[in-house]
Amino acid sequence: MATIHNNVQVQQFKATGDLSAQQYNVMRINDGQDGVVVCSNAADPRMCGVLTNKPAASGRAAGVAYAGEYKARAGAAVSSTGMFLTVNGSGRVIVAGSGLMALGTNLETAAADGDLISVQLMKPFQLGPLA
């Protein structure tokens with residue numbers, strides 16, 4: 001079931017483990033396609049959005065924001081706004097490069113890894129060559 005809160009669209013999934021420390025990180029559909037896990041591969045087409053809550057056990061509700069303005073945890077400094085974002089190996093957003101999956105753009109800069117920034121989420125897509 002999808003819901004809309006403050007212009008952000010959220011889809012409910014099942015957590016496939018303890019995701020309580022992963023709020024604001026990027027999620028992907030798991031291999032069994034019955035829940036979500038942390039996304040750690042910038043080329044993964046199963047990337048689906050940003051975790052909105054802190055499910056502490058497998059089977060609990062995991063809200064995933066997939067469209068609209070929301071917060072995400074930066075995986076590195078981002079000095080300019082409007083950059084296409086992907087994911088690093090820890091499930092945090094970083095600037096995307098050619099051929100990688102992107103799930104949105106940043107509306108704020110990040111000074112360092114771990115900063116919480118506003119992002120404009122969109123349906124993930126593969127970036128073509130960047131000029």
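The model is a predicted one.

**Entry: strand 3**

I started with strand 3, residues 26–29. I asked which way each side chain points from strand 3. Val26 and Arg28 point one way, and Met27 and Ile29 point the other way. All four of these residues are buried.

Next I looked up the partners of strand 3. Strand 5 is one of them; the two run antiparallel and are joined by 3 bridges. Val26 sits opposite Val50 of strand 5. Strand 4, residues 36–38, also pairs with strand 3 in the antiparallel sense, over 3 bridges. Here Arg28 stands opposite Val37.

I then followed the chain from strand 3 to strand 4. The two form a hairpin, with 6 residues between them. In the turn, Gln33 has a positive phi of about 55 degrees.

**Entry: salt bridges**

How many salt bridges does the model hold? The count comes to 6. I looked at some of them one by one. As a general point, side chains of opposite charge can pair when their charged atoms come close.

Arg28 came up again here. Its side chain meets that of Asp31 in a salt bridge, at 3.6 Å from N to O. Are the two partners buried or exposed? Arg28 has 15% relative accessibility, so I count Arg28 as buried. Asp31 is exposed, because its relative accessible area is 62%, and the cut-off for exposed is over 50%.

Asp44 and Arg46 make another salt bridge, at 3.1 Å from N to O. Asp44 is buried, at 6% relative accessibility. Arg46 is partly exposed, at 31%.

A further salt bridge joins the side chains of Asp113 and Arg92, at 2.8 Å from N to O. Where in the chain do these two lie? Asp113 is in the loop between strand 9 (101–106) and strand 10 (116–126). Arg92 is in the loop between strand 7 (84–87) and strand 8 (93–95). The two are 21 residues apart, and the pair links distant parts of the chain. Both are partly exposed: Asp113 at 49% and Arg92 at 24%.

I also checked for shared partners.

**Entry: Thr52**

I moved on to Thr52. It lies in the loop between strand 5 (47–51) and strand 6 (61–73). Thr52 has 18% relative accessibility, so I count Thr52 as buried; the cut-off for buried is under 20%.

What does Thr52 touch, leaving aside its neighbours within four places in sequence? I found contacts with Val10, Gln23, Gly63, Val64, Ala65 and Tyr70.

**Entry: cysteines**

How many disulfides are there? The count is 0. Cys39 is in no disulfide, and the nearest cysteine sulfur to its own belongs to Cys48, 8.0 Å away.

Cys39 is buried, with a relative accessible area of 0%. Cys48 is buried too, at 13%.

Key. Residues numbered from 1 in each chain as written. Predicted model: local features only at pLDDT ≥ 70, side-chain atom pairs only at ≥ 80, totals over all residues. Heavy atoms only, no water. Salt bridge = Lys/Arg side-chain N within 4 Å of Asp/Glu carboxyl O. Buried < 20%, exposed > 50% of the residue type's maximum accessible area, 1.4 Å probe, protein only. Helix = DSSP H or I, 4+ residues; strand = E, 2+ residues; numbered from the N terminus. Contact = heavy atoms within 4.5 Å. Pairing = 2+ DSSP bridges. Disulfide = S-S within 2.5 Å.
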